[in-house]
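Please read these notes with the model open beside you, and check each point against it as you go.

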Amino acid sequence: DFVMVIMNYKAGQLANRLFYFSHFISNSIAHNYKLINPSFNDYKDFFTSTATNDFNGHNISLRITGNQPFDELVRKAVNAVQKVQVKPLRNLPGVSFHEIKAYDAAPKSFDMNDSDFVAAAKNKVVFVDGWLYRDYKDFEKHAASIRKIFTPLPKYTEQVEEVINRCMQLGDTIIGVHIRRGDYKTYNNGKWFYEDDVYYKKMNALKQQLEAEGKKCVFLICSNEKINKNNYPGLPIVTEDRHFIVDLYALSRCHYLIGPPSTFTMWASFYGETPLLALEDASKEVILSEFKIVTQG
């Protein structure tokens, strides 16, 4: 039965792709249609379900045909059809091209519970293209299934355990600090590219608040650049070069998270149900009562 939704859009880097895929997964489970996502192949080898293409009984796969190079050709061919707007190809019986224009002046998310979309998903081959597909209701409802699907492979979870154990030897409350450098130097005109002294002040403010509650905190710093520990005098710090999957899932095991606005910390907060405070600007005060768990991306 050739009926399915094929995700045909590469939605940025890892955390963006995790949230994007998760909205489709939850919508597919809710409406019981077949979901294929060859666009996740870049990251498939990190997680239990995607590495084995076994989605715990759900009708989900990364493969259109079983041949990855051929799948990639199909994906690119469909992308070309969507871009050139060739009418005969776009009007094939039993095929639907569903896309969200990415560059609207004020892009709105598309609710995947839309009755036309669900009807097409259950009766046609639907190629989807665009970023803002969302199913917030079912994302929360199926959060446990999403977490299970995106459990890292044991070789990564074992490293996460080592990092967390090391942290717990230095304190009883782990603050995960995401220092995003690299692309953030230019992204959004560098608004969220903060120097070490900004993070140092926030960390000290948190330390004081937690000590007032009788807690001994330790800071787990994760960054895409090497961190100079000398810029954080007097603070118990754990930091080193780690695989980004280990960083992401170690952050999910912390008690609190801070960092610039980023889907990376949002995923860690969602996955670990860890309270997060996004530093929207350098002057943002860190107050424990303002930390919130991300429940949907």
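Which backbone oxygen lies 2.7 Å from a polar atom of the side chain of Tyr133?

1. It is the backbone oxygen of His98 that lies at this distance from a polar atom of the Tyr133 side chain. Such a pair is a polar contact, which is defined as N or O atoms within 3.5 Å where, within protein, one must be able to donate a hydrogen and the other to accept it, and where residues adjacent in sequence count only if both atoms are side-chain atoms.

2. Before going further, please keep in mind that this is a predicted model, in which local features need pLDDT of at least 70 and side-chain atom pairs count only at pLDDT 80 or more, while totals for chains, interfaces and linings use all residues. Residues are numbered from 1 along each chain as its sequence is written, and side-chain values use heavy atoms, with hydrogens and water left out.

3. The protein has eleven helices and twelve strands, where helices (H or I, at least four residues) and strands (E, at least two) are DSSP runs numbered from the N terminus. Of its 297 residues, 52% count as buried; buried means under 20% relative accessible area, exposed means over 50%, and partly exposed lies in between, with a 1.4 Å probe and protein chains only.

4. Tyr133 belongs to strand β7 (residues 133–134), and it counts as buried because its relative accessibility is 0%.

5. Phe24 in turn touches Tyr133, and its other partners include Val5, Met7, Leu35 and Phe117, not counting residues up to four places away in sequence. Phe24 is also one of the residues, with Phe21, Phe150 and Trp267, that touch the most other members of the largest nonpolar core, which has 61 residues. A nonpolar core is a set of buried Ala, Val, Leu, Ile, Met, Phe, Trp, Tyr and Cys residues joined through side-chain atoms within 4.5 Å. The largest share of this core, eight residues, is supplied by helix α1 (residues 14–31). Apart from this core lies another, of 23 residues, among them Tyr194 and Phe291.

6. Helix α1 packs with helix α11 (residues 263–272) at an angle of about 50 degrees, their axes being 8 Å apart. Axes are lines fitted to C-alpha atoms, for helices over the stretch in contact, and angles run from 0 to 180 degrees between N-to-C directions. The two helices are therefore oblique to each other, since angles under 35 degrees count as roughly parallel, over 145 as roughly antiparallel, 65 to 115 as roughly perpendicular and the rest as oblique. Among the residues that make the contact are Leu18 and Phe19 of α1 and Met266 and Trp267 of α11.

7. Helix α10 (residues 244–251) is mostly covered, with seven of its eight residues buried, including Val246, Asp247 and Tyr249. These buried residues pack against several elements, among them α1, α11 and β8 (173–179).

8. Finally, please look at two loop residues. Asn32, in the loop between α1 and β2 (35–36), has a phi near 55 degrees, a positive value in a residue other than glycine, and counts as exposed because its relative accessibility is 63%. Most residues other than glycine have a negative phi.

Notes: Contact means heavy atoms within 4.5 Å.
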